[in-house]
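Let's take a friendly walk through a protein model, helix by helix.

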Amino acid sequence: MTRRSLDREILALAVPAFATLIAEPMLVLADTFIVGHLGTPHLGGLTLASNVVGIVVGLSVFLAYGTTAMVSRRLGAGDRAGALSSGIDGMVLGALLGLVVAAVLVPFAPAVLGLYGASAEVTALGAAYLRVVALGLPALLVILASTGVLRGLQDTRTPLRVVVTINLLNIALNVALVYGAGWGIVGAATGTAVSQWIGAALLGGAVVRGARREGVRLRFAPGGVLAAARLGGWLVVRNAALQFALLLTTVTAASLGTTALAAHQVVNTLWHTVTYGVDAFAIAAQALVGLRLGAGDVRGARAVLGRVVAWGVGFGVVVGVLAVLLRGPLSGAFSPDPAVQDAAGAALLVLALIAPIGAVAFQLDGVLIGAGDARFLALAGIATTVAYAPFVGAVWATSAGLAWLWAAYGAWLAFRSVVLGLRTRSDRWLRLGA
């Protein structure tokens with residue numbers, strides 16, 4: 001393929017995926033905007049609860065990433081029915097995991113959030129939010145799995161339509177329940193949970209209809225579910241290591257005080273919005289690398305690697321420039337507290353510098369996930385998180401401030417980029433066949 005035709009193929013998947021991934025964190029962004037105007041303690045409580053949900057989603061993201069790689073490989077090998085069957089097993093696994101996590105978080109939310117060491121008021125508000133939003137976790141994990149199936153089938157448009165729909169619904173419900181019904185932070189959680197269940201029904205239905213067209217039997221298959229769990233095992237380890245790094249970051253932000261914690265929520269929400277956008281090219285990499293390696297096309301897989309890194313870095317540079325130019329309005333949009341605005345504005349300058357570095361790490365992650373190189377990703381995740389710990393520990397010990405915390409986070413992204421870059425320079429990640 002020519003570079004131009006490969007770029008068209010990448011963009012055909014990445015542009016809808018970009019819109020989908022940008023829309024997903026809007027569920028949290030809408031909550032942050034609405035809850036932020038209830039007060040600084042409310043925003044701090046949302047930070048804690050969002051971090052717990054983020055850990056759950058991060059540990060479960062193999063439902064999307066692993067499923068995308070598995071489905072695309074089988075599609076490349078000519079087995080569309082097998083691809084859909086394995087995807088349905090992943091959806092069942094997601095629903096079961098979501099039920100187990102919800103059963104733990106609903107009764108034990110105060111105890112879980114109490115581990116962060118925030119004030120009693122912040123912890124109580126966060127627990128009220130977490131108890132309700134946990135009820136939507138089974139639906140959220142089904143959304144992850146069904147999105148992975150559709151991406152593996154080279155369809156990023158259906159997830160886009162569904163996610164945009166539930167985002168608009170979420171915003172409407174949040175405004176109505178928080179301000180209209182006067183439910184406060186619980187109203188924001190309720191709107192998010194309801195939106196997630198509707199999204200799960202729409203995306204899951206799309207996969208089921210595709211399976212029926214291929215003659216795939218719709219039944220509970222314990223063997224297939226266990227196989228999906230085993231295939232995702234290394235990705236769970238990898239995700240656990242990455243989520244532990246994010247947990248260290250949030251705990252350190254909490255140690256800096258309520259103002260820093262609230263400002264961290266603003267910057268972290270904006271960063272996750274950016275990373276989901278950068279990840280659009282990584283999603284394309286997962287699908288296209290898996291498809292080419294499934295068909296035995298090593299040269300094509302390497303070509304995808306080069307182009308998605310180029311696109312991702314370019315996107316990261318644009319994001320950095322915008323973060324510098326818009327840091328004032330962005331900081332003021334989420335909190336009326338001048339102290340929160342000042343802390344967030346300083347941290348956004350650091351974010352502008354680390355965005356291109358993070359883009360490299362995200363693209364290389366996507367390539368290696370598409371190649372099925374999960375074991376290396378797990379070991380690399382552990383190694384880079386261990387290397388990050390002294391940096392974030394220094395910020396905690398010295399109370400250096402939120403900007404230095406984000407500088408430490410940038411060092412972690414740099415570690416990941418170097419380690420993954422060295423892997424892709426070798427041939428050990430190029431595994432062929434379904």
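Predicted model: local features only at pLDDT ≥ 70, side-chain atom pairs only at ≥ 80, totals over all residues.

Start with helix H4, where a kink of about 85° lies at Phe-108, shortly before the proline Pro-110. H4 runs over residues 80-114, which makes 35 residues. From its first C-alpha to its last, H4 reaches 47 Å, close to the 51 Å expected at 1.5 Å a residue.

Now turn to helix H2, residues 40-60, and look at how H2 sits against helix H11, residues 258-294. The axes of these two helices come within 8 Å and cross at roughly 60°. That angle makes H2 oblique to H11. The crossing of H2 past H11 is left-handed. Which residues of H2 meet H11? On the H2 side they are Thr-40, Leu-43, Gly-44, Leu-46, Thr-47, Leu-48 and Ser-50. Their partners in H11 are Thr-258, Leu-261, Ala-262, His-264, Gln-265 and Val-266. Sorted by class, this contact of H2 with H11 has 6 nonpolar, 7 polar and no charged residues.

H2 also packs against helix H6, residues 137-152, at an angle of about 35°, with the two axes 11 Å apart. Here H2 passes H6 in a right-handed crossing, whereas its crossing with H11 is left-handed.

Next, find helix H5, residues 120-133, and helix H8, residues 185-213. They pack at an angle of about 20°, with their axes 8 Å apart. H5 and H8 are therefore roughly parallel to each other. H5 passes H8 in a right-handed crossing. From H5, the residues Leu-125, Ala-128, Tyr-129, Val-132 and Val-133 take part in the contact. From H8, the residues they meet include Ile-185, Val-186, Ala-188 and Gln-196. The contact of H5 with H8 divides into 10 nonpolar, 3 polar and no charged residues.

Finish your tour in a loop. Ser-399 is found between helix H14 (374-398) and helix H15 (402-424).

Technical notes:
Residues numbered from 1 in each chain as written. Heavy atoms only, no water. Axes fitted to C-alpha atoms, helices over the stretch in contact; angles between N-to-C directions. Helix = DSSP H or I, 4+ residues; strand = E, 2+ residues; numbered from the N terminus. Parallel < 35°, antiparallel > 145°, perpendicular 65-115°, else oblique. Left-handed = near helix turned anticlockwise from the far one by under 90°. Contact = heavy atoms within 4.5 Å. Nonpolar A, V, L, I, M, F, W, Y, C, P; charged D, E, K, R; others polar. Expected span 1.5 Å × (residues − 1). Bend = angle between axes of the 7 residues up to and from the residue.
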